[in-house]
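Subject: Handover of a protein structure

Dear colleague,

Please find below the sequence and the structure that I am handing over to you.

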Amino acid sequence: MKRPALVALILATAIAAEAQVYQWQDENNKTVISDRPPSGPVRQLRRIDAAAPSPASESAAASARTLADRDMEFRKRQQESRDAAEKREDEQRANARKREDCEALRRYLRSLESGERIQLSDGKGERYYLDDSERAQAIARTRDDVQRNCK
């Protein structure tokens, strides 16, 4: 079973190696490329070996692949650049938000430590003032928050 397949493969390779491609210009100065030789008068006849591609076609195919590869690499670099820029912007926004939160905490701590009366609202929306013990607890909590979050 393997031998006939091997023989068929060798014959197909031999036939393909014998194939010729012809290129010529006809009487109307048109370039003709065919696997059969020209039948009439021709100006320039050239045989092209089908088994070995010409160096020009190899370099054209290589440059086409190279161009496609370069295009793909360019698009990849563009995407990486966009991702990096987006990540930097997110980090900058997070840092700005953190600075604003820290500044708000520091302002609240200053107002607590200043001794002025602090008015808050309860769950029902009614206003009340912090007494001294609540103020001390709020100062301790706020100092903790500032030390933990504002470095």
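The notes below go from the overall layout to single residues.

This is a predicted model, in which local features need pLDDT of at least 70 and side-chain atom pairs count only at pLDDT 80 or more, while totals for chains, interfaces and linings use all residues. Residues are numbered from 1 along each chain as its sequence is written, and side-chain values use heavy atoms, with hydrogens and water left out.

Overall layout

The protein has 3 helices and 5 strands. Helices (H or I, at least four residues) and strands (E, at least two) are DSSP runs, numbered from the N terminus. Read from the N terminus on, the order of the elements is α-β-β-β-α-β-β-α. Of the 151 residues, 10% count as buried; buried means under 20% relative accessible area, exposed over 50%, and partly exposed in between (1.4 Å probe, protein chains only). The protein exposes about 12,800 Å², and carbon and sulfur atoms supply 51% of this area. Accessible areas come from the Shrake-Rupley method with a 1.4 Å probe, and for residues only the protein chains shown count as cover. Among the contacts (heavy atoms within 4.5 Å) with a separation of 6 or more, 34% are between residues 24 or more positions apart.

The hairpin and its surroundings

Strands β1 and β2 pair in the antiparallel sense over 4 bridges; two strands pair if DSSP finds at least two bridges between them. The two strands form a hairpin with 5 residues between them, and N29 in the turn has a positive phi of about 65 degrees. Within this pairing, Q25 has T31 of β2 as its bridge partner, and Y22 stands opposite S34 in β2.

Two residues of the loop between β1 and β2 deserve a look. D26 is placed in this loop and is buried, because its relative accessible area is 17%. The C-alpha atoms of D26 and P41 are separated by 7.3 Å, although the two residues are 15 residues apart along the chain. N28 also belongs to the loop, between β1 (20-25) and β2 (31-34), but N28 is exposed, because its relative accessible area is 56%. From N28 to V42, 14 residues apart along the chain, the C-alpha atoms are separated by 9.8 Å.

R46 lies in strand β3 (residues 45-49). Is R46 buried or partly exposed? R46 counts as partly exposed, because its relative accessibility is 49%. Leaving aside neighbours within four places in sequence, R46 is in contact with V21, Y22 and Q23. R46 and I33 are 13 residues apart in sequence and 9.5 Å apart in space, C-alpha to C-alpha.

The nonpolar core

A nonpolar core is a set of buried Ala, Val, Leu, Ile, Met, Phe, Trp, Tyr and Cys residues joined through side-chain atoms within 4.5 Å. Which residues make up the largest nonpolar core? There are 6 of them: L109, L112, I118, L130, A138 and I139. Helices α2 (55-114) and α3 (132-149) each supply at least two residues of this core. In soluble globular proteins, nonpolar side chains tend to be buried together.

A140 lies in helix α3 and counts as partly exposed, because its relative accessibility is 45%.

A charge over a ring

The charged end of R117 sits over the ring of Y129, 4.0 Å from its centre. This description applies if NZ of Lys or CZ of Arg is within 6 Å of the ring centre and within 35 degrees of the ring normal.

With kind regards
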